[in-house]
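Biologist: Could you walk me through reading a ligand site and the strands around it?

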Amino acid sequence: MSIQRPFATQIDLRTGLMSAYERHFLRHSGDMAGYYRAEPQADDLLIYEYFEREVPAEQGEIVQNITILHPGTIDGEYYMTKGHYHANGCCSEVYLCLRGRGTLLMQTRDGETDAQEYRPGASIYVPPGGAHRSVNTGDEPLVLFALYPADSGHDYGSIAEEGFWARVIRGADGQPTLVPRD
Ligand code: 6PG
Ligand code: NI
């Protein structure tokens with residue numbers, strides 16, 4: 001096992017920007033074909049991005065992640081992340097909401113489901129085996145600080161195939177509404 005040096009990262013609590021990061025991912029509407037109930041009008045809409053500090057993908061190591069999910073809707077469905085299970089079924093995760101409003105959808109392979117509310121200061125635990133998808137139901141960026149085991153891995157395929165148990169839609173009253181998946 002390689003011995004790591006300590007390092008500090010300054011995180012802007014309003015924007016989520018990290019003073020240093022090794023990984024930066026961008027997700028545009030074109031990358032999310034088939035995820036929304038209606039296809040996005042354009043494929044170059046920036047839906048979300050995330051930044052990570054890199055550590056060895058070894059047991060006991062923890063990844064620091066900032067996810068910035070931009071505000072918006074596609075045919076009334078709020079902007080959301082792809083969502084995934086951790087390939088390593090014993091890996092949990094914690095999300096701390098730094099800014100914005102939203103929903104964290106969760107489900108297990110045997111059909112258990114849950115939804116928790118994101119608001120500033122909300123710290124949400126995702127148990128091992130729980131697929132997770134973040135949804136921005138506000139009108140400002142949803143900024144999340146996440147910690148997860150570096151040996152988690154990601155299973156996107158199951159979610160791309162089966163989707164999540166519910167969609168989060170802007171209701172007639174303009175409020176977020178959970179509707180069971182069709
Ligand atoms: C992870 C975390 C988190 C997640 C991002 C983007 O396991 O890496 O859950 O960093 O990857 O919030 O969401 P998607 O991975 O679902 O696109
Ligand atoms: Ni995860």
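Biologist: Which side-chain atoms does an oxygen atom of ligand 1 meet at Asn-65, and how far away?

Modeller: A polar contact is a pair of N or O atoms within 3.5 Å; within protein, one must be able to donate a hydrogen and the other to accept it, and residues adjacent in sequence count only if both atoms are side-chain atoms. Here, an N or O atom in the side chain of Asn-65 is 2.7 Å from a ligand oxygen. For Tyr-95 the distance is 2.8 Å, and for Tyr-156 it is 2.5 Å. The protein buries 99% of the 400 Å² that ligand 1 exposes when taken alone (Shrake-Rupley method, 1.4 Å probe).

Biologist: What should I keep in mind about the source?

Modeller: This is a predicted model: local features need pLDDT of at least 70, side-chain atom pairs count only at pLDDT 80 or more, and totals for chains, interfaces and linings use all residues. Residues are numbered from 1 along each chain as written, chains are lettered from A and ligands numbered from 1 in written order, and side-chain values use heavy atoms, without hydrogens and water.

Biologist: Which elements give two or more residues to the shell around ligand 1?

Modeller: Strands are DSSP runs of E, at least two residues, numbered from the N terminus. The shell draws on β2 (46-53), β3 (62-69) and β6 in this way, and β2 gives the most, with 3 residues.

Biologist: How many bridges join β6 to β11?

Modeller: Two strands pair if DSSP finds at least two bridges between them. β6 and β11 (residues 142-149) run antiparallel with 5 bridges, and Val-94 has Leu-147 as its partner in β11.

Key: Helix = DSSP H or I, 4+ residues; strand = E, 2+ residues; numbered from the N terminus.
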